[in-house]
Amino acid sequence: MELNFLISIPKFFFKFDRIYLFIISLLAMMSNLSLYGQLEEISRIVPSHIVQMEKINNQFILIGRSDTYSQNYVPDGMAVLLDKSMMEMEVSFRFREKNGNLTRWIKGEISRLPNSERSIIYIRHEMCQKSVMFYFKVISQVGFPEIFSSGIFLPDLEKYPKGKAVRKQQIADLPKPVIITRSEWGARPSTHGYSTHPYYTKLTLHHAAGFSAEDIDEGKEQLRAIQDLHQFVRGWSDIGYHFVIDKAGNIYQGRPETVIGAHVLGNNTGNIGVCVLGCYHPPELYCGDWLSDETTSALVALYAWISNEYNYNPNILLGHRDYPNNDTSCPGNNVHENLPWFRNEIERYLNLGGPPLEFSISSNYPNPFNNKTKINYQVPSKNHINIIIYDLLGREVKTLINQVQSKGDYKVAWDGVSNLGEAMSSGVYFLRFESDRFSKNNKIILIK
Ligand SMILES: [Zn+2]
């Protein structure tokens, strides 16, 4: 189910009666638009509503409140995603506690997201832990911010069990893909260390839900921004993902993949997390990306290497949303629907020991021919191959190949003689190449 949220309040509406705000929020809810953005990967989304917008003594004061959330939650903190139309603002939070008390206002923090018109206001405080609802207040000299979404930080209560990690299944001799190192993108060290994976049992794909990069320079900047968000705003030890891939197919190292990450609530042990930059969930605003060919190839090569190196069966690859208690659309519909294809393709890559080649067949040469004509072709994976010569009426003249062939480069020749050993007369013939997934006709001219 989509969570609804008040999307946008044009700035002139503060002059009008609150009934307008009510109508606008109703319209936004009916249109079912949402923008969870970067909050989706670090928090449990909780809808919120604006309860007050007032201009007092040249100060624009906006107060919002969240819906009530479960008493079972013990949140570390709260965050609200908003536009950064005002560069200077003060933010504060207060909480409704489980016992009904309303706390005092506490000063919050602001984190600006580079290359976007968004900021996150947030707080991490022990007072959050007893809350069942929160208020946020933004005071600006410039205008009212636009509120996109809000969420609460749930602690990772997972117990990291002991175990013995088995590595190196080495089905194939796969080289490690080129990976941009932490020092190359300017990573900070972890703030409070790591726990090592006791075993390797899960593979998870994410999308960055708001961070995006078309090339390596943008990619490095976005990696630093994600690390800022995860370390400073969310309070994790380091960037939560083990690998990040941009739209040009560049792969970046996040956390070392041998240590437990922070990317799937309650399921981080033994789980290697890969995140694709971009936003792939069209029901949300500004989230209509499709995976590029470059990202797709990089994902397959990386997962094949991880599977080989850490003894994974590629069939266990899941999307973030497939785990229980992870109430998220990540990695987005446009990625999630491709997961079965990815599992297959990673397995194929592993079995082939490299990227699947394409079928290809050359023109025959010489052509026209008198004595003998040759054809080169390439088989990308073990396959039943048929290469047959037909005459103009479609009658079979000569079967050149009818057998299962393994991956490789092949040559075949035709000397102008039929299956019955007769020399064929001058004229036009067709060579038909057929496999499970590919077929092609070549025209051949025989001149006596
Ligand atoms: Zn995710």
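The buried residues of helix α3 are covered by several elements, among them β4 (77–83), β7 (109–113), β8 (118–124), α2 (182–185), β13 (243–245) and β14 (251–253). All of this comes from a predicted model, in which local features need pLDDT of at least 70 and side-chain atom pairs count only at pLDDT 80 or more, while totals for chains, interfaces and linings use all residues. Residues are numbered from 1 along each chain as its sequence is written. Helices (H or I, at least four residues) and strands (E, at least two) are DSSP runs, numbered from the N terminus.

As for α3 itself, it takes up residues 216–233. Its 18 residues reach 25 Å from the first C-alpha to the last, close to the 26 Å expected at 1.5 Å a residue (the expected span is 1.5 Å times one less than the number of residues). Which residues of α3 are buried? They are G219, Q222, L223, A225, I226, Q227, L229, H230 and V233. Here, buried means that 20 or more other C-beta atoms lie within 10 Å of a residue's own, exposed means 12 or fewer, and partly exposed is in between, with C-beta atoms placed from the backbone. Just past the helix, G235 has a positive phi of about 90 degrees.

Two strands pair if DSSP finds at least two bridges between them, and β1 meets β10 (residues 147–153) over two, in the antiparallel sense. R44 has I152 of β10 as its bridge partner.

Then there is a hairpin of β2 and β3. Strands β2 (residues 48–56) and β3 (residues 59–66) run antiparallel and are joined by eight bridges; H49 has R65 in β3 as its bridge partner. Two residues lie between the strands, and N57 takes a positive phi near 50 degrees.

Finally, C330 belongs to the loop between β16 (317–319) and α5 (333–336). Why does C330 count as buried? Because it has 26 C-beta neighbours inside 10 Å. Beyond its neighbours within four places in sequence, C330 is in contact (C-beta atoms, placed from the backbone, within 7 Å) with E40, E41, H206, H207, A209, G319, H320 and R321. G319 is eleven residues from C330 in sequence, with 6.9 Å between their C-alpha atoms.

Note on methods. Two residues are in contact if their C-beta atoms, placed from the backbone, lie within 7 Å.
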